[in-house]
Amino acid sequence: MSFKSLPIIDLALADDPSTKQELLDRLADALFRVGFLYLVNHGVEKEADELMELMPEVFAVSDEEKQKVAMTTNPHFVGYTKLGAEMTARAVDQREQFDFGSATEVDPLNPDVSDKTNPQWRRIQGPSPYLPDSVLPGFRKKVETYISKMDRLSNRLLGLIGECLKLDSDALMPFVGRMNRLKLVKYPGSEENKQGVGPHKDSSGLLTLLLQDSVGGLEVLNSDGEWVPAKPVPNSFVVNMAQGFEALTGGRCTATSHRVISPPPGVTRYSIPYFSSVRLDLTLDMINKQLDYIQGRIPEPTDQKRRNNQASTEFLDPKYSCFGEAHLRNRIISHRDVAAIWYKDIKDKYLAEVL
Ligand SMILES: [Fe+2]
């Protein structure tokens, strides 16, 4: 049956051997039936509160300071993006945001970012610009601490997910990338229900762990085509599977479409999504080997409407050499201002695909 609300998963159950199996069963049900869940007792409550409290100050920084850390200052798709500069589902999103990554260095295989002989997707990984302490004291430290806590939490969750799918607990780890990502997002209030961010599946990673404030606006599509609100639950993360995860499970655990409706006039929504990444050099061959391994291990979902037999090709089209190239193509389409500066020579090839 199609879901009408998102299940709540209590991570504390994993700490006690007498309740761990119950947690694994609930987790498997959430993955197969919904693709979304609330995670509580996750251990990052303090850091999450501190970062969310800082959000109004972060966005109140002057335009001049924001532009100094703009996404257009680097080829790694990290930094500040002003309202209306990003597109989803061919429409402009009404949100303002700062993007960060867990990488502190450029890809070691491409130390010289001006070297055009290396594949261009190797330029995606690199350090993030931060508002300096002189502008917002303690900002960088808070964000970096949060990212490293989330790196640990998402790896722990991937281990439990592996177990609940009857795989080895480290079965998914070889697919994790080197640069997990974090966004600080502000959705301003607007007149009519505008597109905060349009309907989409998360394309770029394995899992998304979203910290949202008490405003609401996130909606999740069930298999009957109804939009189910992901109402705010205190001290929780909203977790969902991204298309990389769907591909690695052969479509048995599908990524679920979602959207954000802008808040009403005078109300601001803040949210902080964290994306655990897929390794950029992942190829279709590697996905197919993983599918050989999971064949017969992961149970089939009971809701056949949620089964997506095209999972790996939707995630990684055979026309791209690896996930890094497919990911770069998506970034170029979403952030055309960055592409015009840093990916001049190759951008037209990818933009032509969506004209
Ligand atoms: Fe999303």
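Leu24, Leu27, Ala28 and Leu31 of helix 1 meet Leu160, Ile161, Glu163 and Cys164 of helix 4, where a contact means that the C-beta atoms of two residues, placed from the backbone, lie within 7 Å. By class, this contact of helix 1 with helix 4 has seven nonpolar, no polar and one charged residues; Ala, Val, Leu, Ile, Met, Phe, Trp, Tyr, Cys and Pro count as nonpolar, Asp, Glu, Lys and Arg as charged, and the others, Gly among them, as polar. The model is a predicted one, in which local features need pLDDT of at least 70 and side-chain atom pairs count only at pLDDT 80 or more, while totals for chains, interfaces and linings use all residues. Residues are numbered from 1 along each chain as its sequence is written, and helices (H or I, at least four residues) and strands (E, at least two) are DSSP runs numbered from the N terminus.

Two packed helices are described by the angle between their axes and the distance between the axes. Axes are lines fitted to C-alpha atoms, for helices over the stretch in contact, and angles run from 0 to 180 degrees between N-to-C directions.

| Helix pair | Angle | Distance between axes |
|---|---|---|
| Helix 1 and helix 4 | about 90 degrees | 9 Å |
| Helix 2 and helix 4 | about 140 degrees | 10 Å |

Helix 2 is therefore oblique to helix 4, on a scale where angles under 35 degrees count as roughly parallel, over 145 as roughly antiparallel, 65 to 115 as roughly perpendicular and the rest as oblique. The contact is made by Glu47, Glu50, Leu51, Leu54 and Val58 of helix 2 and by Phe139, Lys142, Thr145, Tyr146 and Lys149 of helix 4, and its residues divide into five nonpolar, one polar and four charged.

Helix 4 itself (residues 139–164) has 26 residues and reaches 37 Å from its first C-alpha to its last, close to the 38 Å expected at 1.5 Å a residue, the expected span being 1.5 Å times one less than the number of residues. Its buried residues include Phe139, Tyr146, Ser154, Ile161, Glu163 and Cys164; a residue is buried if 20 or more other C-beta atoms lie within 10 Å of its own, exposed if 12 or fewer, and partly exposed in between. The buried residues of helix 4 pack against helix 1 (17–33), helix 2 (45–60) and several strands, among them strand 7 (181–187) and strand 14 (269–277). Within strand 14 lies Ser276, which counts as buried because 27 other C-beta atoms are within 10 Å. Not counting residues up to four places away in sequence, Ser276 touches Ser154, Val176, Asn180, Gly205, Leu206 and Leu207, and its C-alpha atom is separated by 6.7 Å from that of Arg181, 95 residues apart along the chain.

In helix 1, the buried residues are Leu23, Leu27, Ala30, Leu31, Phe32 and Arg33, and what covers them includes strand 1 (8–10), strand 2 (36–40), helix 4 and strand 12 (237–241).

Most residues other than glycine have a negative phi. Lys166, in the loop between helix 4 and strand 7, has a positive phi of about 65 degrees although it is not a glycine, and with 14 C-beta neighbours inside 10 Å Lys166 counts as partly exposed. Asn235, in the loop between strand 11 (227–229) and strand 12, likewise has a positive phi, near 60 degrees.
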